[in-house]
Amino acid sequence: MRRRTLLGTAATAAALVVSGTDAANAGRRTTRYLGVFREGDPTATAGDVRELYGVTPASVMWFDSWATGRAFPVNQARMLWRRGIMPHYTWEPWNTALGLNDPAQIHLQDVIDGAWDGYITARAREFAAVRLPILVRWAHEFNGNWYPWGIANNGADPSRYVRAYRHVHDLVEAAGARNVQWVWAFNNGSSPDEAYNDPAAAYPGDDYVDWVGIDGYNWGFGPSWDPAGDHWTSFDATFDAAYAKARAVAPDRPVMLGEFASGEDGGDKAQWLRDLNTTLATGAYPELKLLTYFDVIKEEAWSPSSSPAALAAFTSWVHQRYMSGQGHQLARVASCRFP
């Protein structure tokens with residue numbers, strides 16, 4: 001994150017599907033799912049969340065970049081499922097040790113040209129070996145300029161992103177990993193805000209996308225990229241327009257927040273979290289199913305434990321009845337939309 005405004009034995013119950021036009025009563029019928037990212041071993045995250053907040057998350061997310069060459073952790077993914085938690089893998093095509101414009105950096109054309117086919121296929125076989133559903137969020141925040149796969153860093157050509165995404169998807173499916181649920185995830189604001197960088201222009205198509213993801217943060221006052229700026233935004237101001245975009249681009253796909261959090265500076269974080277709870281409890285954003293909280297202190301104090309008041313508000317939210325969705329139900333949310 002950088003600057004930016006088989007279901008088989010695991011699936012024993014179906015998640016409730018709510019029409020986007022039926023928000024009036026959706027609060028009583030919409031199940032939401034808690035996802036969490038914490039740095040470190042994803043299986044340890046599951047235990048940490050239980051200890052810190054008293055709940056078991058429906059999913060746990062972690063990151064890996066292609067240049068590491070690491071195998072997908074099949075055993076850890078299975079261990080998560082044994083706890084009823086759906087694995088969520090953010091798969092980043094870059095070398096974190098290199099700059100955006102380094103000649104040796106990975107860019108979309110390299111993916112399209114097949115330079116990484118062997119690596120992709122090897123990971124795909126490992127995905128398949130899990131034999132249970134996993135979320136794969138590939139090359140997220142492509143409408144930002146902070147990653148080498150961003151459209152702005154690839155000739156300002158959204159079709160190049162589409163071709164790369166489809167290439168990766170097709171290789172993974174060809175290797176037998178039909179248990180993957182694909183997450184196409186954009187940032188809540190485009191940088192730069194130009195026509196070519198509209199997320200809609202980079203949509204790979206319904207045949208390639210199971211979930212639409214949105215990343216967004218309440219940056220608060222004085223973030224590192226604008227030390228004198230006031231960027232405090234409510235939950236609605238952070239996500240309303242992006243949610244509308246997601247529904248317009250892919251009305252038949254459920255929506256997730258692939259990453260979200262609030263900082264502390266410039267406002268009342270505890271109230272921000274209470275307002276989030278109030279908003280979701282009314283049934284707003286009815287197709288928003290999975291909310292993955294970025295539980296770290298990184299650019300900002302994102303973690304719920306940044307203050308006692310924030311911790312209390314977060315803990316209250318995740319214990320709400322509508323947030324009680326479990327991993328086996330989460331695995332059915334996208335699968336019940338299409339064959």
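**Figure 1. Thr90 stands opposite Arg137 in strand E4.** In this predicted model, local features need pLDDT of at least 70 and side-chain atom pairs count only at pLDDT 80 or more, whereas totals for chains, interfaces and linings use all residues. Residues are numbered from 1 along each chain as its sequence is written, and side-chain values use heavy atoms, with hydrogens and water left out. Strands (E, at least two residues) and helices (H or I, at least four) are DSSP runs numbered from the N terminus. Strands E3 and E4 run parallel and are joined by 4 bridges; two strands pair if DSSP finds at least two bridges between them. E4 also pairs with E5 in the parallel sense, over 4 bridges, and here Val136 stands opposite Trp182 in E5. From E4, Ile134, Val136 and Trp138 point one way, while Leu135 and Arg137 point the other way. Because 5 of the 5 residues of E4 are buried, the strand is largely enclosed by the rest of the structure. Buried means under 20% relative accessible area, exposed over 50%, and partly exposed in between, with a 1.4 Å probe and protein chains only.

**Figure 2. Strand E10 pairs in the parallel sense with E1 and with E9.** The pairing of strand E1 (residues 33-37) with E10 extends over 5 bridges, and Tyr33 stands opposite Leu290 in E10. Strand E9 (residues 255-262) is joined to E10 over 4 bridges, with Val255 opposite Leu288. E10 is largely enclosed by the rest of the structure, since 7 of its 7 residues are buried.

**Figure 3. Phe235 belongs to the largest nonpolar core.** A nonpolar core is a set of buried Ala, Val, Leu, Ile, Met, Phe, Trp, Tyr and Cys residues joined through side-chain atoms within 4.5 Å. The largest one has 101 residues, and Trp91, Trp138, Phe235 and Trp317 have the most contacts inside it. Leaving aside residues up to four places away in sequence, Phe235 touches Leu257, Phe260, Trp272, Leu276, Leu280, Tyr285, Leu288 and Leu291; contact means heavy atoms within 4.5 Å.

Figure 4. Most residues other than glycine have a negative phi, and most peptide bonds are trans. Tyr285, in the loop between helix H7 (269-281) and strand E10 (288-294), has a positive phi of about 50°. Tyr285 is buried, with a relative accessible area of 7%. Ala156 has a positive phi near 50° and lies in the loop between strand E4 (134-138) and helix H5 (158-174). Ala156 is partly exposed, at 31% relative accessibility. A cis peptide bond, with omega about 0°, joins Ser191 and Pro192; Pro192 lies in the loop between strand E5 (180-187) and strand E6 (211-218).

**Figure 5. The largest pocket is lined by 22 residues.** A pocket, on a 1 Å grid over the protein atoms alone, is an open set of points where a 1.4 Å probe fits, with protein on both sides within 12 Å along at least five of seven lines; lining residues have an atom within 4 Å of a point. The space in the largest pocket is about 420 Å³. Phe37, Trp62, Phe63, Asp64 and Arg70 lie nearest the centre of the pocket. Strand E2 (59-65) and strand E3 (86-92) each supply at least two lining residues, and E2 gives the largest share, 4 residues.

Methods: Points joined across faces, edges and corners; volume = space filled by probe spheres on them.
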